[in-house]
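Here are my notes on the model you sent over.

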Amino acid sequence: MVFRAQQPSLWTEALDAQVAVHGLVISLIPYAYHAALIKSAIKGKTHVVTTSYVSPAMRELDEEAKRAGIVVMNGIGLDPGIDHLYAVKSITEVHEKGGKIERFLDPLGYKFSWSSRGVLLALLNSVSYPSQGRQVDITGSGLMGYAKPYFISAVFAFLAYPNRNSLPFQNLTWAEVTQRAIGANDASERTLVAHIKTVCRFPDQSESTRIISGFRWIGLLSSEKVKPRGKNLLDTLCAQLQTLMKYETGERDLVMLQHKFVVEWRDGTQKYGRLGGHFAVAVTVGVPCGIAAQQVLDGVINVLEATLESEGLGLEPSVSRLGNRLRRRLLQQICVVVDE
């Protein structure tokens, strides 16, 4: 049902009526609307399960939900949800063995594999590239004004910006682009392969053959014309990879979730602790939510264990037991691979 914005009372009444006739409501709507739904659930004494973090507006309803005797279970999807369940599990196990979490690793997600000074100076390079049939020139001082998020995957989410002069790449073949990129004498495949072998160190012939075969499959040694994309060679290469490596009909994705900590044990030694898993997004959001909803309906999760504070899974003894139960059910329902 849809109600006009100028009729909020009708909208609220309709929501109250719909919620009241059910024993539990699963809310997958935007988090901004959860508080209104919870208010209706309090009136109708209906349990609520969401996959969202707890907003301040939701937290204000905590006591009312408790008085109504309903469970409002939040943060039980993939993120938040599975990530918290296993992060807390890892941290708790470290504490039980007398260790402590020293720090989380590199929150910026960046390390310098070359001169840090060079990295910063590269942000001041002047740029030229073709766009919509004309040449665009950008001064170094204005370069960062053109930087934009560039999403390839959850693991490879970058900030991209134009890089130097892209004009020479127009109307080139991939072999010619590769020649210029690596500094080979000409664009023949024989010369390119020979030059790659001089500038790269391969552990053995098998690895050399495998990697060069990969370059050949991507098309980097071919006479195919390059189709420039974006404002630099990176965007152009990414477009080529996306064409070759896109998901086909019927193929499934996966998610890899990893928590990294530096742990200091009682004897003062430190080591990395790792927790990783492979999840398909749709499954890992829906299954934890469904498990929680079923346990609420079965009375396994009660008001004392899960209120609006339930996003803190594992931090209190009662909630730790809740977390353990949820993890056991997750292992039964989906493939959660734990590498510690």
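1. Ground rules. This is a predicted model, so keep in mind that local features need pLDDT of at least 70, side-chain atom pairs count only at pLDDT 80 or more, and totals for chains, interfaces and linings use all residues. Residues are numbered from 1 along each chain as its sequence is written, and side-chain values use heavy atoms, with hydrogens and water left out.

2. The chain as a whole. I get 12 helices and 10 strands; these are DSSP runs (helices H or I, at least four residues; strands E, at least two), numbered from the N terminus. Out of 340 residues, 36% are buried, where buried means under 20% relative accessible area, exposed means over 50%, and partly exposed is in between (1.4 Å probe, protein chains only). The exposed surface comes to about 21000 Å², with 55% of it from carbon and sulfur atoms; that is Shrake-Rupley with a 1.4 Å probe. Taking contacts between residues at least 6 apart in sequence, 58% join residues at least 24 apart, a contact being heavy atoms within 4.5 Å.

3. The three-stranded sheet. Look for an open sheet in the order E1-E2-E3, paired in parallel; two strands pair if DSSP finds at least two bridges between them. E1 (24–27) and E3 (72–73) are the edge strands, each with a single partner, so one side of each has no neighbour in the sheet. Helix H2 (residues 34–44) packs on this sheet and touches E1, E2 and E3, with its direction at about 180° to that of E1. For that angle, axes are lines fitted to C-alpha atoms (for helices, over the stretch in contact), and angles run from 0 to 180 degrees between N-to-C directions.

4. Bridges and handedness. Four bridges link E1 to E2 (residues 47–50), with Val 25 opposite Val 48 and Ile 26 opposite Val 49. On the E3 side, E2 has two bridges, again parallel, and Val 49 has Met 73 as its bridge partner there. E1, H2 and E2 form a right-handed β-α-β unit: with the strands pointing away from you, the path from the first strand over the helix to the second runs clockwise.

5. Cores. A nonpolar core here is a set of buried Ala, Val, Leu, Ile, Met, Phe, Trp, Tyr and Cys residues joined through side-chain atoms within 4.5 Å. The largest has 18 residues, and Val 49, Met 73, Ile 76, Leu 85, Val 296 and Leu 326 touch the most other members. Helices H5 (82–96), H11 (281–297) and H12 (317–333) are the elements giving two or more residues to this core, and H11 gives the most, with five. There is also a separate second core of 16 residues, which includes Ala 35, Leu 37, Ile 38 and Ile 42.

6. Lys 45, in the loop between H2 and E2, has a positive phi of about 55° although it is not a glycine. Most residues other than glycine have a negative phi. Lys 45 counts as exposed, at 54% relative accessibility.

7. Buried or exposed: what is Ile 196? Ile 196 is buried, at 4% relative accessible area, and belongs to helix H8 (residues 189–199). Leaving out residues up to four places away in sequence, Ile 196 touches Ile 182, Phe 202, Ile 212, Phe 215 and Leu 221.

8. Tyr 129, in strand E5 (residues 127–131), is buried at 3% relative accessible area. Pro 162 is buried too, at 2%, though its place is in the loop between strand E8 (157–160) and helix H7 (174–182); its C-alpha is 8.1 Å from that of Gly 230, 68 residues away along the chain. Lys 225, in the loop between helix H9 (205–218) and helix H10 (233–244), touches Asn 171, Leu 172, Thr 173 and Trp 174, not counting residues up to four places away in sequence.
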